[in-house]
Amino acid sequence: MHDQPEHGVAHELEPGVRRVLAPNPSPMTHWGTNTYLVGTDELAVIDPGPADAGHLAALRTAIGAARVSHILITHAHRDHSPLAAELQAATGAPVLAFGPAEAGRSPVMARLAAEGLVGGGEGVDAGFQPDETLADGDRITGPDWALQAIHTPGHFAGHLSFALNDAVFTGDHVMGWASTLISPPDGDLTAFMASCDRLLARSDRVYYPGHGAPIPDPRARTEWLVAHRKGREAQILEALTNGPAGATTLATAIYTDTPPALLPAAVRNVLAHLIDLETRGRVHATPSLSADAEFSAV
(Lines give C-alpha, C1' and ligand atoms only; values in the text may rest on other atoms or scores of the structure.)
Protein backbone atom coordinates (compact mmCIF):
# COMPACT_ATOMS: atom_id res chain seq x y z
CA MET A 1 0.00 0.00 0.00
CA HIS A 2 1.13 3.54 -0.72
CA ASP A 3 0.77 6.35 1.77
CA GLN A 4 -1.19 9.38 0.66
CA PRO A 5 1.15 12.20 -0.42
CA GLU A 6 0.72 15.66 1.05
CA HIS A 7 -1.49 18.00 -0.96
CA GLY A 8 0.25 20.91 -2.64
CA VAL A 9 3.82 19.65 -2.22
CA ALA A 10 6.01 18.90 -5.25
CA HIS A 11 7.39 15.37 -4.94
CA GLU A 12 10.04 14.02 -7.31
CA LEU A 13 9.04 10.65 -8.76
CA GLU A 14 12.12 10.29 -10.96
CA PRO A 15 14.61 12.75 -12.43
CA GLY A 16 12.66 15.35 -14.37
CA VAL A 17 9.23 14.23 -13.14
CA ARG A 18 7.44 15.79 -10.16
CA ARG A 19 3.88 15.39 -8.88
CA VAL A 20 1.76 17.97 -7.08
CA LEU A 21 -1.44 16.55 -5.57
CA ALA A 22 -4.56 18.73 -5.82
CA PRO A 23 -6.80 19.05 -2.72
CA ASN A 24 -9.89 17.45 -4.29
CA PRO A 25 -10.21 13.98 -2.74
CA SER A 26 -13.46 12.09 -3.35
CA PRO A 27 -14.71 8.56 -4.03
CA MET A 28 -14.13 9.25 -7.74
CA THR A 29 -10.74 11.01 -7.46
CA HIS A 30 -9.11 9.00 -4.63
CA TRP A 31 -6.55 11.32 -2.93
CA GLY A 32 -7.14 14.01 -5.54
CA THR A 33 -5.85 14.88 -9.01
CA ASN A 34 -2.17 14.36 -9.80
CA THR A 35 -0.62 17.30 -11.64
CA TYR A 36 2.73 16.39 -13.18
CA LEU A 37 5.65 18.69 -13.96
CA VAL A 38 8.02 17.30 -16.60
CA GLY A 39 11.44 18.85 -17.17
CA THR A 40 13.82 21.08 -15.22
CA ASP A 41 14.32 24.61 -16.58
CA GLU A 42 11.56 24.33 -19.18
CA LEU A 43 8.45 22.42 -18.12
CA ALA A 44 5.42 20.66 -19.46
CA VAL A 45 2.53 20.65 -16.98
CA ILE A 46 0.21 17.64 -17.37
CA ASP A 47 -3.35 18.04 -16.03
CA PRO A 48 -3.36 21.31 -14.03
CA GLY A 49 -6.44 20.01 -12.22
CA PRO A 50 -9.58 21.63 -10.81
CA ALA A 51 -10.16 25.36 -10.55
CA ASP A 52 -8.64 25.77 -7.09
CA ALA A 53 -6.68 28.84 -6.00
CA GLY A 54 -4.62 26.88 -3.48
CA HIS A 55 -3.56 24.35 -6.10
CA LEU A 56 -2.62 27.12 -8.52
CA ALA A 57 -0.45 28.69 -5.81
CA ALA A 58 1.19 25.32 -5.12
CA LEU A 59 1.92 24.83 -8.81
CA ARG A 60 3.43 28.31 -9.13
CA THR A 61 5.66 27.57 -6.14
CA ALA A 62 6.74 24.25 -7.65
CA ILE A 63 7.39 25.89 -11.04
CA GLY A 64 9.51 28.60 -9.44
CA ALA A 65 11.85 30.29 -11.91
CA ALA A 66 11.36 27.63 -14.59
CA ARG A 67 9.52 28.40 -17.82
CA VAL A 68 6.32 26.51 -18.61
CA SER A 69 6.34 25.77 -22.35
CA HIS A 70 3.28 23.51 -22.61
CA ILE A 71 0.12 22.76 -20.61
CA LEU A 72 -1.09 19.29 -21.56
CA ILE A 73 -4.56 17.92 -20.84
CA THR A 74 -5.36 14.20 -20.78
CA HIS A 75 -9.11 14.85 -20.95
CA ALA A 76 -11.73 17.50 -20.26
CA HIS A 77 -13.18 16.45 -16.93
CA ARG A 78 -13.50 19.17 -14.28
CA ASP A 79 -10.94 17.51 -12.02
CA HIS A 80 -8.27 17.69 -14.77
CA SER A 81 -8.66 20.64 -17.13
CA PRO A 82 -10.26 23.80 -15.63
CA LEU A 83 -7.13 25.22 -13.98
CA ALA A 84 -5.44 25.31 -17.40
CA ALA A 85 -6.88 28.75 -18.14
CA GLU A 86 -5.52 30.31 -14.94
CA LEU A 87 -2.17 28.57 -15.30
CA GLN A 88 -1.96 29.86 -18.85
CA ALA A 89 -2.70 33.38 -17.64
CA ALA A 90 0.14 33.04 -15.12
CA THR A 91 2.69 31.46 -17.47
CA GLY A 92 1.71 32.32 -21.05
CA ALA A 93 2.00 28.66 -22.08
CA PRO A 94 -0.37 27.21 -24.70
CA VAL A 95 -2.92 24.55 -23.73
CA LEU A 96 -2.73 21.35 -25.78
CA ALA A 97 -5.27 18.51 -25.89
CA PHE A 98 -7.03 16.18 -28.31
CA GLY A 99 -9.78 18.72 -28.81
CA PRO A 100 -12.87 20.20 -27.14
CA ALA A 101 -14.86 18.11 -24.69
CA GLU A 102 -16.95 16.23 -27.28
CA ALA A 103 -14.10 15.52 -29.71
CA GLY A 104 -13.37 11.95 -30.70
CA ARG A 105 -16.74 10.33 -30.06
CA SER A 106 -17.46 7.22 -32.11
CA PRO A 107 -20.41 7.33 -34.53
CA VAL A 108 -22.48 5.26 -32.09
CA MET A 109 -21.77 7.60 -29.17
CA ALA A 110 -22.28 10.70 -31.29
CA ARG A 111 -25.68 9.39 -32.35
CA LEU A 112 -26.68 8.51 -28.78
CA ALA A 113 -25.59 11.96 -27.60
CA ALA A 114 -27.59 13.60 -30.40
CA GLU A 115 -30.63 11.57 -29.32
CA GLY A 116 -30.33 12.89 -25.77
CA LEU A 117 -28.05 10.47 -23.93
CA VAL A 118 -26.10 12.44 -21.34
CA GLY A 119 -23.42 11.38 -18.90
CA GLY A 120 -23.99 10.43 -15.32
CA GLY A 121 -22.72 13.64 -13.77
CA GLU A 122 -19.00 12.88 -14.03
CA GLY A 123 -18.24 16.56 -14.46
CA VAL A 124 -17.41 17.30 -18.08
CA ASP A 125 -15.60 20.62 -18.56
CA ALA A 126 -18.03 21.44 -21.37
CA GLY A 127 -16.48 24.77 -22.35
CA PHE A 128 -12.94 23.43 -22.63
CA GLN A 129 -11.14 24.44 -25.81
CA PRO A 130 -7.39 23.90 -26.29
CA ASP A 131 -5.14 26.36 -28.08
CA GLU A 132 -3.63 23.53 -30.08
CA THR A 133 -4.94 20.04 -30.82
CA LEU A 134 -2.83 16.91 -30.59
CA ALA A 135 -3.25 13.83 -32.76
CA ASP A 136 -2.14 10.32 -31.91
CA GLY A 137 1.65 10.11 -32.20
CA ASP A 138 2.34 13.85 -32.00
CA ARG A 139 5.49 14.81 -30.11
CA ILE A 140 5.92 17.69 -27.67
CA THR A 141 9.51 18.50 -26.76
CA GLY A 142 11.59 20.56 -24.37
CA PRO A 143 15.35 20.88 -23.90
CA ASP A 144 15.63 17.73 -21.77
CA TRP A 145 12.40 15.84 -22.47
CA ALA A 146 10.14 14.58 -25.24
CA LEU A 147 6.55 13.47 -24.78
CA GLN A 148 4.50 11.51 -27.31
CA ALA A 149 0.72 11.73 -27.36
CA ILE A 150 -1.10 8.39 -27.37
CA HIS A 151 -4.83 8.58 -28.11
CA THR A 152 -6.38 6.29 -25.50
CA PRO A 153 -10.16 6.75 -25.73
CA GLY A 154 -12.38 4.79 -23.38
CA HIS A 155 -12.85 6.74 -20.16
CA PHE A 156 -13.26 9.80 -22.37
CA ALA A 157 -13.44 10.04 -26.17
CA GLY A 158 -10.63 12.55 -26.48
CA HIS A 159 -8.44 11.00 -23.79
CA LEU A 160 -4.69 11.26 -24.34
CA SER A 161 -1.87 9.51 -22.53
CA PHE A 162 1.64 10.92 -22.76
CA ALA A 163 4.74 8.74 -23.07
CA LEU A 164 8.05 9.95 -21.67
CA ASN A 165 10.27 7.17 -23.01
CA ASP A 166 9.08 4.09 -21.06
CA ALA A 167 7.04 6.06 -18.52
CA VAL A 168 3.45 6.86 -19.50
CA PHE A 169 1.15 9.45 -17.93
CA THR A 170 -2.12 7.54 -18.27
CA GLY A 171 -4.67 10.05 -16.98
CA ASP A 172 -7.80 8.14 -16.01
CA HIS A 173 -7.30 5.35 -18.55
CA VAL A 174 -5.29 3.12 -16.20
CA MET A 175 -5.20 3.69 -12.44
CA GLY A 176 -3.92 1.41 -9.72
CA TRP A 177 -6.47 2.09 -6.97
CA ALA A 178 -9.68 1.49 -8.95
CA SER A 179 -11.02 0.26 -12.25
CA THR A 180 -11.79 2.95 -14.81
CA LEU A 181 -15.23 4.56 -14.92
CA ILE A 182 -16.73 4.31 -18.40
CA SER A 183 -19.89 6.37 -18.71
CA PRO A 184 -21.49 6.86 -22.16
CA PRO A 185 -21.57 8.91 -24.30
CA ASP A 186 -18.19 10.29 -23.21
CA GLY A 187 -17.04 6.86 -22.07
CA ASP A 188 -16.84 4.05 -24.63
CA LEU A 189 -16.05 0.47 -23.62
CA THR A 190 -15.31 -0.68 -27.17
CA ALA A 191 -12.70 2.07 -27.43
CA PHE A 192 -11.40 1.34 -23.92
CA MET A 193 -10.58 -2.27 -24.73
CA ALA A 194 -8.83 -1.24 -27.94
CA SER A 195 -6.80 1.37 -26.04
CA CYS A 196 -5.74 -1.26 -23.51
CA ASP A 197 -4.53 -3.44 -26.38
CA ARG A 198 -2.49 -0.49 -27.68
CA LEU A 199 -0.80 -0.02 -24.33
CA LEU A 200 -0.17 -3.75 -23.99
CA ALA A 201 1.69 -3.64 -27.30
CA ARG A 202 4.23 -1.35 -25.62
CA SER A 203 6.91 -2.29 -23.08
CA ASP A 204 6.61 0.39 -20.43
CA ARG A 205 8.37 0.61 -17.08
CA VAL A 206 5.87 2.67 -15.08
CA TYR A 207 2.50 4.42 -15.40
CA TYR A 208 1.82 7.75 -13.72
CA PRO A 209 -2.00 7.93 -13.42
CA GLY A 210 -4.29 10.91 -12.97
CA HIS A 211 -5.22 9.72 -9.49
CA GLY A 212 -3.39 7.51 -7.03
CA ALA A 213 0.12 6.15 -6.80
CA PRO A 214 2.47 5.25 -9.66
CA ILE A 215 1.91 1.82 -11.20
CA PRO A 216 5.20 -0.13 -11.21
CA ASP A 217 3.92 -3.08 -13.26
CA PRO A 218 1.97 -1.54 -16.14
CA ARG A 219 1.39 -4.76 -18.04
CA ALA A 220 -0.06 -6.63 -15.08
CA ARG A 221 -2.40 -3.76 -14.21
CA THR A 222 -3.63 -3.31 -17.78
CA GLU A 223 -4.17 -7.05 -18.17
CA TRP A 224 -6.15 -7.01 -14.90
CA LEU A 225 -8.39 -4.22 -16.24
CA VAL A 226 -9.07 -6.17 -19.44
CA ALA A 227 -9.84 -9.34 -17.47
CA HIS A 228 -12.06 -7.35 -15.09
CA ARG A 229 -14.10 -6.02 -18.01
CA LYS A 230 -14.41 -9.44 -19.60
CA GLY A 231 -15.58 -10.81 -16.27
CA ARG A 232 -18.18 -8.06 -15.93
CA GLU A 233 -19.39 -8.81 -19.46
CA ALA A 234 -19.83 -12.46 -18.53
CA GLN A 235 -21.86 -11.45 -15.46
CA ILE A 236 -24.16 -9.29 -17.58
CA LEU A 237 -24.73 -12.02 -20.15
CA GLU A 238 -25.39 -14.53 -17.37
CA ALA A 239 -27.92 -12.19 -15.74
CA LEU A 240 -29.70 -11.77 -19.07
CA THR A 241 -30.36 -15.52 -19.22
CA ASN A 242 -33.09 -14.74 -16.66
CA GLY A 243 -34.85 -12.50 -19.18
CA PRO A 244 -34.66 -8.96 -20.55
CA ALA A 245 -33.50 -6.23 -18.19
CA GLY A 246 -32.36 -2.62 -18.14
CA ALA A 247 -29.03 -1.22 -16.99
CA THR A 248 -30.24 -0.26 -13.51
CA THR A 249 -31.75 -3.69 -12.83
CA LEU A 250 -28.59 -5.40 -14.02
CA ALA A 251 -26.30 -3.15 -11.99
CA THR A 252 -28.31 -3.72 -8.82
CA ALA A 253 -28.11 -7.48 -9.33
CA ILE A 254 -24.38 -7.54 -10.15
CA TYR A 255 -22.85 -4.83 -7.93
CA THR A 256 -24.12 -6.31 -4.68
CA ASP A 257 -21.24 -4.99 -2.54
CA THR A 258 -21.23 -1.46 -3.96
CA PRO A 259 -22.14 1.39 -1.56
CA PRO A 260 -25.42 3.07 -2.57
CA ALA A 261 -23.62 6.34 -3.36
CA LEU A 262 -21.58 4.59 -6.05
CA LEU A 263 -24.44 2.64 -7.63
CA PRO A 264 -25.15 5.35 -10.25
CA ALA A 265 -21.57 4.95 -11.51
CA ALA A 266 -22.10 1.19 -11.62
CA VAL A 267 -25.23 1.72 -13.74
CA ARG A 268 -23.18 3.80 -16.18
CA ASN A 269 -20.53 1.07 -16.37
CA VAL A 270 -23.19 -1.55 -17.10
CA LEU A 271 -24.70 0.68 -19.78
CA ALA A 272 -21.24 0.96 -21.37
CA HIS A 273 -21.06 -2.84 -21.51
CA LEU A 274 -24.55 -3.11 -22.96
CA ILE A 275 -23.77 -0.61 -25.73
CA ASP A 276 -20.59 -2.53 -26.54
CA LEU A 277 -22.46 -5.85 -26.55
CA GLU A 278 -25.20 -4.42 -28.77
CA THR A 279 -22.73 -3.11 -31.32
CA ARG A 280 -21.11 -6.56 -31.37
CA GLY A 281 -24.46 -8.30 -31.87
CA ARG A 282 -24.42 -10.07 -28.49
CA VAL A 283 -27.53 -8.38 -27.07
CA HIS A 284 -30.63 -6.73 -28.55
CA ALA A 285 -32.01 -3.40 -27.31
CA THR A 286 -35.77 -2.76 -27.18
CA PRO A 287 -37.23 -0.52 -28.53
CA SER A 288 -33.82 0.87 -29.61
CA LEU A 289 -30.39 1.47 -28.14
CA SER A 290 -30.63 4.01 -25.30
CA ALA A 291 -30.01 4.36 -21.58
CA ASP A 292 -33.60 3.32 -20.88
CA ALA A 293 -33.74 0.33 -23.22
CA GLU A 294 -34.47 -3.23 -22.18
CA PHE A 295 -31.74 -5.61 -23.26
CA SER A 296 -32.05 -9.27 -24.12
CA ALA A 297 -29.41 -11.85 -24.96
CA VAL A 298 -29.08 -12.84 -28.61
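The largest cavity has a volume of about 50 Å³, where a cavity is, on a 1 Å grid over the protein atoms alone, a set of points where a 1.4 Å probe fits but cannot get out, and a volume is the space filled by probe spheres set on the points, which are joined across faces, edges and corners. The model is predicted, so that local features need pLDDT of at least 70 and side-chain atom pairs count only at pLDDT 80 or more, while totals for chains, interfaces and linings use all residues. Residues are numbered from 1 along each chain as its sequence is written, and side-chain values use heavy atoms, with hydrogens and water left out.

**Exercise 1. Find how many cavities of 30 Å³ or more the structure holds, and name residues that line the largest cavity.**

Step 1. The structure holds two cavities of 30 Å³ or more.

Step 2. Lining residues have an atom within 4 Å of a point, and those of the largest cavity include Ile 73, His 75, Phe 98, Phe 128 and Phe 156.

**Exercise 2. Describe the largest pocket by its volume and by the elements that give two or more residues to its lining.**

Step 1. A pocket is an open set of points with protein on both sides within 12 Å along at least five of seven lines, and the largest pocket has a volume of about 710 Å³.

Step 2. Of the 33 residues that line the largest pocket, the closest to its centre are Pro 27, Met 28, Leu 181, Leu 262 and Ala 265.

Step 3. Helices (H or I, at least four residues) and strands (E, at least two) are DSSP runs numbered from the N terminus; helix 5 and helix 7 are the elements that give two or more residues to this lining, and helix 7 gives the most, with five residues.

**Exercise 3. Work out which aromatic rings are linked into a cluster.**

Step 1. Rings of Phe, Tyr and Trp (its six-membered ring) pair if their centres lie within 6.5 Å, and planes under 30 degrees apart count as stacked, over 60 as edge-to-face and the rest as tilted; by this rule the count comes to three aromatic pairs.

Step 2. Tyr 36 and Tyr 208 form a tilted pair, with 5.9 Å centre to centre and 40° between the planes. Because Tyr 36 lies in strand 3 (residues 34-38) and Tyr 208 in strand 12 (residues 206-209), this pair ties together parts that are 172 residues apart in sequence.

Step 3. The ring centres of Phe 169 and Tyr 208 are 5.4 Å apart and their planes are at 35°, so this pair is tilted; Phe 169 belongs to strand 11 (residues 167-171), and the two residues are 39 residues apart.

**Exercise 4. Decide where the buried residues of helix 6 lie around its axis.**

Step 1. In helix 6 (residues 247-254) the buried residues are Ala 247, Leu 250, Ala 251 and Ile 254.

Step 2. Seen down the axis, these buried residues fall within an arc of 100°, so they line one face of the helix; the arc is that of the directions from the helix axis to the C-beta atoms.

Step 3. On the other side of helix 6, Thr 249 and Ala 253 are exposed, whereas the buried residues pack against helix 5 (218-239) and helix 7 (263-279).

Technical notes
Buried means under 20% relative accessible area, exposed over 50%, partly exposed in between (1.4 Å probe, protein chains only). Contact means heavy atoms within 4.5 Å.
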